[in-house]
Amino acid sequence: MTSKAAARLKSDGWTIMETTGFLHLIGPLWERKVDGHYEFALATEDKHHNRRGMVQGGVMMTFADRTCGMTARYVSGKEYMATVQLDTHFVEAGQIGDILISRPRVVRSTRSLIFMSTEVTVDDRCIVMANGVFKILKGPG
């Protein structure tokens, strides 16, 4: 990530999320809370490109999945969840160097499932729409 992108995110109130494993390879992921709502950012860089030089679709799907799952955890107070379903629609290509923003929202919550929705945007342009279902688990396994 460029220092310019990091400086922009920091100045806008974003902080880096702790990640491990696969997500650590994609990140850093950034988060902030605005007016009680969670927002997430990913500054794309060369490691995120596909064969056409655009942001790889799997990166955008992973970003949508993670941000919806984290918001479901934050809102529900439940620590363990698993993605049951994630529907993703690619609206427009992402360019390397773009800062992707996700603002997930809870659509519905039951005792065992949380239904989430997000749009991944660049500036004011929607590039991905995603809807996910997350299962609340009793433990990490």
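Residues are classed here as buried under 20% relative accessible area, exposed over 50%, and partly exposed in between (1.4 Å probe, protein chains only). The structure is a predicted model, in which local features need pLDDT of at least 70 and side-chain atom pairs count only at pLDDT 80 or more, while totals for chains, interfaces and linings use all residues. Residues are numbered from 1 along each chain as its sequence is written, and side-chain values use heavy atoms, with hydrogens and water left out.

The chain contains three helices and eight strands, assigned as DSSP runs (helices H or I, at least four residues; strands E, at least two) and numbered from the N terminus. Their order from the N terminus is α-β-α-β-β-α-β-β-β-β-β. The radius of gyration is 15 Å, close to the 14 Å of the globule rule for 141 residues, so the chain is as compact as a globular protein of that length; the radius is taken over C-alpha atoms, and the rule is 2.2 Å times the number of residues to the power 0.38. Along the principal axes, the C-alpha atoms fill a box of roughly 40 × 30 × 30 Å. Of the contacts (heavy atoms within 4.5 Å) with a separation of 6 or more, 57% involve residues 24 or more positions apart.

In soluble globular proteins, nonpolar side chains tend to be buried together. Nonpolar cores were defined as sets of buried Ala, Val, Leu, Ile, Met, Phe, Trp, Tyr and Cys residues joined through side-chain atoms within 4.5 Å. The largest such core has 19 residues, of which Leu42, Phe63, Leu100, Val120 and Ile127 touch the most other members. Two or more residues are contributed by each of helix H2 (21-26), strand E3 (37-43), H3, strand E7 (113-122) and strand E8 (125-136). H3 supplies the largest share of this core, five residues. Apart from it lies another core, of nine residues, including Ala5, Ala6, Ile99 and Ile101.

Thr67 is located in helix H3 (residues 57-76) and is buried, with a relative accessible area of 1%. Polar contacts were taken as pairs of N or O atoms within 3.5 Å; within protein, one must be able to donate a hydrogen and the other to accept it, and residues adjacent in sequence count only if both atoms are side-chain atoms. The side chain of Thr67 makes such a contact with the side chain of Ser102 at 2.8 Å. A polar atom of the Thr67 side chain also lies 3.2 Å from the backbone oxygen of Ala64. Beyond neighbours within four places in sequence, Thr67 is in contact with Phe40, Ser102 and Pro104.

Three salt bridges were found in the whole structure, each a side-chain nitrogen of Lys or Arg within 4 Å of a carboxyl oxygen of Asp or Glu. Arg32, partly exposed at 21% relative accessible area, pairs with Glu39 at 2.8 Å, N to O. Glu39 is buried, at 8%, and also forms a salt bridge with Arg103 (3.0 Å, N to O). Glu39 lies in strand E3 and Arg103 in the loop between strand E5 (99-102) and strand E6 (105-109), so this pair ties together parts 64 residues apart in sequence. Arg103 is partly exposed, at 42%. The side chains of Glu92 and Arg125 form a further salt bridge (2.7 Å, N to O). This pair links the loop between strand E4 (81-90) and E5, which holds Glu92, to strand E8, which holds Arg125, across 33 residues. Through shared partners, salt bridges join Arg32, Glu39 and Arg103 into one network.
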